[in-house]
Amino acid sequence: MNEEAFKKVQAAVEAAKGTTIKQLFAADPERAAKYTLTAAGWTLDYSKNRVDKNVMKALLKLAEASNLKAEIEKMFTGRKINETENRAVLHTALRNCDPKAKVKVDGKDVMPQVRRVLKQMGAFADSVRSGAHKGYTGKRIKYVVNIGIGGSDLGPVMATIALAPFSKRYIRSYFVSNVDATHLAEVLREVKAEQTLFIVASKTFTTQETMTNAQSAREWLLSKIKGKANDVVAKHFVALSTNEAEVVKFGIDPKNMFAFWDWVGGRYSLPSAIGLSLMISIGPRNFQRLLKGYWKMDRHFRTASLARNMPVVMALLGILYSNVYGAESYCVLPYDQYLSRLPAYLQQLDMESNGKSVAKDGTRVTYSTGPIEWGEPGTNGQHSFYQLIHQGTHLIPCDFIGFCKTHNPIGDHHDKLMANLFAQTEALAFGLDHDQAVEWCRKEGVDEKLAPYRTFEGNRPTNTLLADSLTPETLGSLIALYEHKVFTQGVIWNIYSFDQWGVQLGKVLAKNVLADLTAKKKPVLKHDSSTNALIARYRKAKGLA
Ligand code: F6P
């Protein structure tokens, strides 16, 4: 991180001398309007943050000093910014809706292949949705089971739930990710083999969980439908991958494969072939609308000035709380049941991208990087963990996300839902001081000594993101907003956001442990004493030596 520019941020915060959000509002009746941005169908009200003009100025200078604009261009133009894997980072090409756009990697335009796969996906999705694509016994497909994990699961699940109002309800979508057989078994109880399409989604096609689930699903299918294995599999299995050789080895015809490329990171892959299950659910047109939404936010991010740039401003606020105020976590609170899986999706996006402690030059960073991200849909969280956000000792900045219109206008549910959202941001920012708490006690006829417990410090920062309604477009632009926020923070923290070496060690060790768990003869255990004892206990419980 640029030390000089960061020191100026600290100095600007110090100069504000702890001015609270309440005081900031009192001093400026225009504050809400001044600290509101709009982009790609979204309004961001960031006025309820601990920032004044000078803090914002210093934060923007930090972005400038990190060469953010130049780094953005490098990403959009296919430079190999994922240096530890020697790859370009071009998820933005997947949703580039300009029919004339050219985006080059190693001198080759990638757009023709992007468009080709989208067309292939569209034709296949239509044939499943219309019933033209039939199962081996001639029945139409009713159940679509996506088998994948991480980025090959979270995006499709999150978006399929989010866009349910746009879905063909006849088709039921399922997602199997966990290697725990319970996940697969419970889904297989719900579906009928003759009408099921399995989508094996894996960038590498070597991921243990996915390949184990896919093999078991294949065996189950072949135990239910009698016929030549390859012919049955051809009607009921497709693959989404970058690895054709492994797809073929698994027994899936390359004709039934939908490709993507090494420049698409797993957690950024929803707009690639990985979105096939979603496309089958909502149809190619709605999928295209999703891409348009992404694209709108992409263009905003690439062209807006830093001060009016929504992902940049959100990233800078995050940096303020992580690096100046020492906040360790950050909460995403969608006030829409359809966004129930958004926090889980954003957890991978943010924590797998910026959960790094080594700077680009290979040295250890001296400041904190990616925050712990968590959340739940409102209002459920209000009756669970909000207590800590309001009155606990931790500072937890929150993003509140809501829509002016609902897909389910029943009674006054939506007004109540949104009243809660707005009220929470008000309570967090302004709190309730001692005198007000005393007043509250008096009104309720309880002892005034209880006032301290009923006092709310306030000054808890929140962003409010508001859109007209949840549509494929607004979902696409919301995802892109967070992607670019994470990118911006990675640039400022000077870390590589597009690799994920941290997940590798566990994978390697699990292979060794598996060999010890399943060895027929008593193995010589060479782990630490704790791991050895756990393995021995497990083997004993299973009746092994
Ligand atoms: O857990 C690491 C990871 O590589 C994620 O980044 C990725 O999304 C997931 O595994 C699944 O990988 P694949 O799509 O290759 O099966």
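Guide: Let's start with Glu 444, which is partly exposed at a relative accessible area of 47% (buried means under 20% relative accessible area, exposed over 50%, partly exposed in between, with a 1.4 Å probe and protein chains only). Keep in mind that this is a predicted model, where local features need pLDDT of at least 70, side-chain atom pairs count only at pLDDT 80 or more, and totals for chains, interfaces and linings use all residues. Residues are numbered from 1 along each chain as its sequence is written, and side-chain values use heavy atoms, with hydrogens and water left out.

Glu 444 pairs with Arg 454 in a salt bridge, with the closest N and O atoms 3.0 Å apart (that's a side-chain nitrogen of Lys or Arg within 4 Å of a carboxyl oxygen of Asp or Glu). Glu 444 sits in helix α19 and Arg 454 in the loop between α19 (434-444) and β13 (462-467), so the bridge ties together parts 10 residues apart in sequence. Helices (H or I, at least four residues) and strands (E, at least two) are DSSP runs, numbered from the N terminus. Arg 454 counts as buried, at 18% relative accessibility.

Now for Arg 95. It forms a salt bridge with Asp 298, at 2.8 Å between the closest N and O atoms. Asp 298 lies in helix α14 (residues 284-303) and Arg 95 in the loop between α6 (91-94) and β3 (104-105), so parts 203 residues apart in sequence are tied together. Arg 95 also meets Glu 483 in a salt bridge, 2.7 Å from N to O. Glu 483 belongs to helix α20 (residues 472-493), so this pair links parts 388 residues apart in sequence. Asp 298 and Arg 95 are both buried, and Glu 483 is buried too.
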